[in-house]
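Work through the exercises below with the model open. Try each task before you read its solution.

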Amino acid sequence: MEMDNKLLTAMVERWRKETHTFHLLEGEMTITLKDVAMLTKLPIDGDAIIESSQKPLNGWGQFIS
């Protein structure tokens with residue numbers, strides 16, 4: 001999938017960090033967990049992966065696999 005830099009720039013310009021929404025001509029739009037799951041094809045059900053934030057970055061690959 002190729003990245004569309006013009007589209008990405010347009011969406012960044014319309015993002016409002018105060019409300020965590022995009023402001024479009026049709027109104028406000030937000031991204032949901034279901035949207036992310038559909039785009040990344042990652043499951044959103046089941047147990048969460050929780051680990052200390054102190055874990056070294058090179059250790060995460062082994063932990064997840």
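**Surface and fold**

The protein has an accessible surface of about 6400 Å², and 60% of it belongs to carbon and sulfur atoms. Such areas come from the Shrake-Rupley method with a 1.4 Å probe; for residues, only the protein chains shown count as cover. This is a predicted model: local features need pLDDT of at least 70, side-chain atom pairs count only at pLDDT 80 or more, and totals for chains, interfaces and linings use all residues. Residues are numbered from 1 along each chain as its sequence is written, and side-chain values use heavy atoms, with hydrogens and water left out.

**Exercise 1.** Find how many helices and strands the protein has.

*Solution.* Step one: apply the rule that helices (H or I, at least four residues) and strands (E, at least two) are DSSP runs, numbered from the N terminus. Step two: count 3 helices and 3 strands. Step three: read along the sequence to get α-β-β-β-α-α.

**Exercise 2.** Describe the aromatic pair in the structure.

*Solution.* Step one: rings of Phe, Tyr and Trp (its six-membered ring) pair if their centres lie within 6.5 Å; planes under 30 degrees apart are stacked, over 60 edge-to-face, the rest tilted. Step two: the search of the whole structure gives 1 pair. Tryptophan 15 and phenylalanine 22 sit 4.8 Å centre to centre with 65° between the planes, an edge-to-face pair. Step three: check burial (buried under 20% relative accessible area, exposed over 50%, partly exposed in between; 1.4 Å probe, protein chains only). Tryptophan 15 is partly exposed at 33%. Phenylalanine 22 is buried at 12%.
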